[in-house]
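Q: I would like to learn how to read a sheet and a helix contact. Please take one feature at a time.

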Amino acid sequence: MTEGLSSKSRRRFIKAVTGCTIAVNIIPINQLFAQQIDTRTNTNTGDWSGQPGQARYRIDGLAKVTGQKIYARDFHAKDLPGWPQDEHPVMIVRAFNVDENFVGLDKSILPAGGHPNMVIYGDAVTKKVARPHTKSDEKVELDEIGHYYHEVTRPNSLTWPFIVQRGKAADFYGQPVAMMIFDDRKSFRSAKKQVQFNQDFQQYAGKAKLNKPFPFTPMTNFVRVAGDGDKDVFSYVLNGGDDDTYTKGATKYRAQIKHQMQSGQWQTYQNDCTMRAMDPVFMEPESGLGWYDAATKTLNLVVGTQSPDGDVNTVAEMFNNPDPVVDVKTVNLIACYPGGGFGGRDSSVFTLNLALAAAYAKGKPVRLAYDRFEQFQAGFKRHPCTLTSSLSVDNQGKIQALDVNMQFDGGGRENLSPWVAQLASLCAGGAYVIPRAAIFSKSMYSTNISGGSQRGFGGPQAFFAMETMLDEIATDKGWDPFDLRRRNLITKGDRTVTGGPIDEVLQLDTILNKCEHHALWQNRSQDAEHWAKQGLSYGVGFGLSMQAHGMSNNGVVGHVALSRDGKITVKTNAVDMGNGSATTLAVVTAAALGHNASTIEMGDYSLYPSLQMKTGWDKSWQDSWAEPDWTAAGVASSSACLTAYFQVHSILQASKVLFETAIVPAARKLWQKPNLKADTLLWHEGDLIVKGVNLPPISMEILAGEIYRNAGITGASVHAFNRGSWATADYQVNNDTFRWEVDGLILYQAGQTVPAKITRQNISYPNEASQRYVRTAYAPCGNLIGLTVDKQTGEVVVRNSVSVLNAGKVITEGLVSGQSQGGVAMAIGYALLEDMPPGLEGPAAGDWNLNRYSVALAGDIALKSQELITLPPIDNDTSGKGIAEAVMCSVAPAIANALYAATNIRFRDLPITAEKIRQGLKQGATHG
């Protein structure tokens with residue numbers, strides 16, 4: 001691999017692939033330059049650190065605003081130590097035709113100086129590259145809850161190969177049909193100018209046998225009939241069968257709920273909604289470098305991804321082939337800042353395409369860098385959705401039953417589509433107690449561009465339906481919209497539509513109260529009169545959401561170390577996608593160690609392997625946890641909603657371990673107080689003191705020196721698991737027993753090169769039933785939107801927005817504010833502006849850019865009139881919440897409800913464009 005990178009600093013673990021072993025390493029980009037006097041990639045620079053627990057600005061802020069090299073797009077082969085200097089651009093040609101068989105490329109269209117030195121077709125890839133593990137050819141029986149029953153065999157090519165084979169049809173728009181590798185940028189640019197928007201370059205012949213739409217599995221079916229305490233009838237159907245004792249009776253109870261809703265005992269309302277696909281429009285289109293070093297049989301990849309662990313392992317699997325393109329013994333993924341992502345770079349095939357190009361280039365560095373046209377054509381989209389929901393209420397305004405059917409267009413690749421649909425099913429219940437729920441959700445294969453996991457993970461679609469329907473009911477019944485919601489709020493001790501218990505105080509009532517009494521709501525009539533004088537209609541709308549954060553199984557790792565001079569280093573597997581994870585994790589060490597971290601290393605995937613833990617489900621839940629090295633989940637790709645609660649927890653626990661096993665013993669020795677209790681110590685202005693005792697303060701530097709002189713503990717790596725609660729265990733260190741909320745621990749000691757694994761004892765863990773709940777942590781938010789409508793043009797202008805957010809403990813206020821502003825902007829965009837048709841009318845043809853895809857600009861989002869109210873935590877809650885898209889989810893329904901207030905028309909299809917408003921005003925009443 002690269003010169004100047006010692007084996008000691010490499011991120012390495014071994015991936016077993018059907019008998020072969022390929023070493024896979026994940027290396028932060030700045031480590032390549034660690035031996036050089038070069039700060040181009042160092043984000044730990046500047047005077048970012050404030051008082052303990054605070055940041056003056058983002059830890060990566062200075063590097064970004066001064067243009068330092070931190071994104072993959074910033075680098076060329078000549079920048080990287082040990083790489084050959086010449087660089088070969090790669091162009092991917094993508095299918096615009098799914099109805100006919102692809103034959104090849106018409107190279108005669110290429111200019112004289114624009115021919116590639118190599119063209120890679122799918123048929124060559126199929127023979128030379130192994131197929132990564134996939135379910136894509138799995139034969140499954142699907143029962144769509146009584147609608148139909150049939151068998152499906154998924155087309156092999158849906159997942160492999162990534163490039164269409166000649167003589168076969170593309171499975172979806174934007175699927176690669178060929179890769180072209182060029183000698184230099186000049187020839188590349190010459191060719192691209194000629195063929196990028198020229199459909200004649202691709203040759204097709206013969207009608208293709210089209211793949212029929214089919215559901216990606218699992219499908220989700222939540223059926224709940226409330227009982228007393230744990231006596232809920234609750235069923236969760238994965239693949240449609242009901243032979244499992246857990247799901248037995250689902251069909252029966254679903255039919256029962258529907259019968260009750262149609263019986264006339266309650267009033268039932270129906271809401272049919274549709275939502276278009278949306279692009280994440282992250283700042284940096286996907287880009288990367290690749291080089292196969294034949295001398296060491298090492299494949300090097302420079303990329304920005306939010307799932308480096310999954311990407312590097314999938315690449316390794318591809319090259320386990322009897323007759324490979326090249327013999328790969330090691331894969332190095334050199335990780336850069338992604339430049340945005342939020343799901344758009346989670347399990348993206350970009351890294352795999354880059355790896356293929358690098359392998360075929362055989363010793364020549366390659367560069368694959370999408371422009372914005374290509375990113376629109378190839379990048380993951382948020383799923384289009386068709387949603388039908390029925391809601392029954394009694395005469396007292398209590399919700400009695402809910403029936404929901406959601407269908408998500410997953411496009412041509414499965415990606416995370418089934419899990420997006422699953423979370424949408426949980427969100428379909430909104431923030432309310434619903435005693436009877438029948439919720440079905442599925443994601444479907446289609447020929448459209450593939451769906452990803454970004455911009456809400458199914459929540460925005462579900463919350464929109466619930467919140468607009470509640471306003472419609474309130475209007476029809478003459479009820480106050482806040483009172484209707486208040487009567488049905490879910491609270492601590494209640495259960496969600498999945499049967500999951502609410503174990504936290506959500507403060508939903510406080511959110512309602514603050515929004516209801518806010519001047520924006522209270523003065524809406526007067527404000528409407530003001531805008532009417534200017535010829536504009538005005539309305540204010542409200543929406544409430546309870547977006548879940550985290551995952552079904554949350555496995556996180558963290559490492560905290562103390563240097564000899566008292567400086568703190570934090571390491572995490574997390575990737576900062578722009579949401580500020582690096583800054584947050586760097587300041588939370590102060591809670592236990594009195595100081596912010598001086599250095600943070602993101603994307604370190606050596607941490608989990610170093611803990612020597614294992615997963616797998618060959619035993620029962622209880623017996624698995626009895627094994628001292630077992631955990632229910634290792635680590636997963638990064639998500640914007642994981643930081644403030646889950647990833648922070650691992651750093652807090654590692655800091656606590658270091659405090660109790662290193663700082664406290666050193667302080668006892670320095671003060672000569674062997675019986676000093678840890679809970680009497682506290683930090684004051686960076687020094688350690690004893691509460692209520694007149695002992696001289698001790699600086700961190702002195703404490704660290706004492707630790708190193710006595711071969712004390714200098715670092716801790718932890719693994720923690722959460723599924724409703726944290727796995728907690730006892731650990732014996734230096735004859736003392738400690739109980740920490742972690743299930744794996746290794747300790748580093750001064751003078752020792754190998755860390756010590758500490759065996760856990762007396763573990764407690766989440767109950768097995770928690771697997772059924774999908775999510776158990778929530779970040780509630782309410783939004784008020786004030787807007788005007790020009791009834792002549794249909795133009796909507798958002799005038800004011802108020803967000804009331806339960807973010808738990810706010811760790812870094814500026815980051816929460818930024819996330820909130822971004823959420824409001826995104827939601828305004830997808831609610832009013834971002835119109836992306838399917839098929840060739842949209843970006844599939846490769847000719848879409850920001851000139852055709854309208855995102856919200858500064859003038860669209862009432863930036864100067866945005867207000868964020870964060871609720872203080874209660875019940876001594878010291879935990880933050882991963883807000884991610886929490887603010888975003890309730891903005892779109894608030895906009896739709898405000899539009900009704902302004903126009904007396906219900907708009908149910910997003911985006912609500914000016915054209916739709918004009919049509920709605922002509923037609924009147926409800927408009928799709």
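A: Start with the terms: two strands pair if DSSP finds at least two bridges between them. Helices (H or I, at least four residues) and strands (E, at least two) are DSSP runs, numbered from the N terminus. The model is predicted, so local features need pLDDT of at least 70 and side-chain atom pairs count only at pLDDT 80 or more, while totals for chains, interfaces and linings use all residues. Residues are numbered from 1 along each chain as its sequence is written, and side-chain values use heavy atoms, with hydrogens and water left out.

Q: How many bridges join strand β28 to β32?
A: Strands of a sheet pair through backbone hydrogen bonds, either parallel or antiparallel. Here three bridges join β28 (residues 728-733) to β32, and the two run antiparallel. Y731 stands opposite R760 in β32.

Q: What is the order of the strands in the open sheet?
A: The order of its three strands is β29-β28-β32, with antiparallel pairing. β29 (736-740) and β32 (760-764) each have a single partner strand, so one side of each is left without a neighbour in the sheet.

Q: At what angle do helices α9 and α10 pack?
A: Axes are lines fitted to C-alpha atoms, for helices over the stretch in contact, and angles run from 0 to 180 degrees between N-to-C directions. Helix α9 (residues 459-477) and helix α10 (residues 481-488) pack at about 115°, with axes 9 Å apart.

Q: Which residues make the contact?
A: Contact means heavy atoms within 4.5 Å. E467, L470, D471, I473 and A474 of α9 meet P481, L484 and R485 of α10.
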